Amino acid sequence: MGKHPLDPGAARDAELRRELGETTQALHSAYEKFNYVSEPEMVDACIYEISALKSRYSYLLRCIKGNSAPVEQPSPAPAADSCAAAAAMKGGELCQL
């Protein structure tokens with residue numbers, strides 16, 4: 001019996017997750033390097049590297065989330081007769097609708 005090929009969505013998801021893992025490792029290494037440099041130019045270079053890796057991490061994470069099937073959200077609870085104003089969270093009064 002042969003291997004079942006992955007559907008394109010699953011293959012893309014697996015590739016994105018692999019890249020996310022590699023980016024996480026690279027980000028960890030960049031932070032480690034930043035902790036040991038002392039020359040101002042190297043500090044700047046590490047900051048730029050960390051910033052670029054964080055951007056890549058965010059991009060990959062957005063791609064993974066966009067590639068996943070949407071999760072059904074539970075329906076909201078029925079509205080109550082009164083609502084809690086922001087002030088009510090700190091001991092204020094409830095507003096009446």
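This is a dialogue on how to read a few features of a predicted model.

Colleague: What should I know about the model before reading it?

Modeller: The model is predicted, so local features need pLDDT of at least 70 and side-chain atom pairs count only at pLDDT 80 or more, while totals for chains, interfaces and linings use all residues. Residues are numbered from 1 along each chain as its sequence is written, and side-chain values use heavy atoms, with hydrogens and water left out.

Colleague: How many helices and strands does the protein have, and what pattern do they follow?

Modeller: Helices (H or I, at least four residues) and strands (E, at least two) are DSSP runs, numbered from the N terminus. Here there are two helices and two strands, and along the sequence they follow the pattern α-α-β-β.

Colleague: At what angle do the axes of α1 and α2 cross?

Modeller: Axes are lines fitted to C-alpha atoms, for helices over the stretch in contact, and angles run from 0 to 180 degrees between N-to-C directions. Angles under 35 degrees count as roughly parallel, over 145 as roughly antiparallel, 65 to 115 as roughly perpendicular and the rest as oblique. In this model helix α1 covers residues 8–36 and helix α2 covers residues 40–67; their axes come within 9 Å and cross at roughly 160°. Therefore α1 is roughly antiparallel to α2.

Colleague: Which residue classes make up the contact of α1 with α2?

Modeller: Ala, Val, Leu, Ile, Met, Phe, Trp, Tyr, Cys and Pro count as nonpolar, Asp, Glu, Lys and Arg as charged, and the others, Gly among them, as polar. The contact of α1 with α2 has 17 nonpolar, four polar and eight charged residues.

Colleague: How much of the protein is buried?

Modeller: Buried means under 20% relative accessible area, exposed over 50%, and partly exposed in between (1.4 Å probe, protein chains only). Of the 97 residues, 15% count as buried. Glu 19 lies in α1 and is buried, because its relative accessible area is 18%. Gly 9, also in α1, is partly exposed at 36%. Gln 25 in α1 is exposed at 57%.

Colleague: Which residues make up the largest nonpolar core?

Modeller: A nonpolar core is a set of buried Ala, Val, Leu, Ile, Met, Phe, Trp, Tyr and Cys residues joined through side-chain atoms within 4.5 Å. The largest one here has five residues: Leu 16, Leu 20, Leu 60, Cys 63 and Ile 64.

Colleague: How far apart are Asp 13 and Ile 64, in sequence and in space?

Modeller: They are 51 residues apart in sequence, and 6.2 Å apart in space, C-alpha to C-alpha. For Gly 9 and Asn 67, 58 residues apart along the chain, the C-alpha separation is 7.1 Å. Gln 25 and Leu 53, 28 residues apart, have C-alpha atoms separated by 10.0 Å. Over the protein, 51% of the contacts with a separation of 6 or more are between residues 24 or more positions apart.

Notes
Contact means heavy atoms within 4.5 Å.
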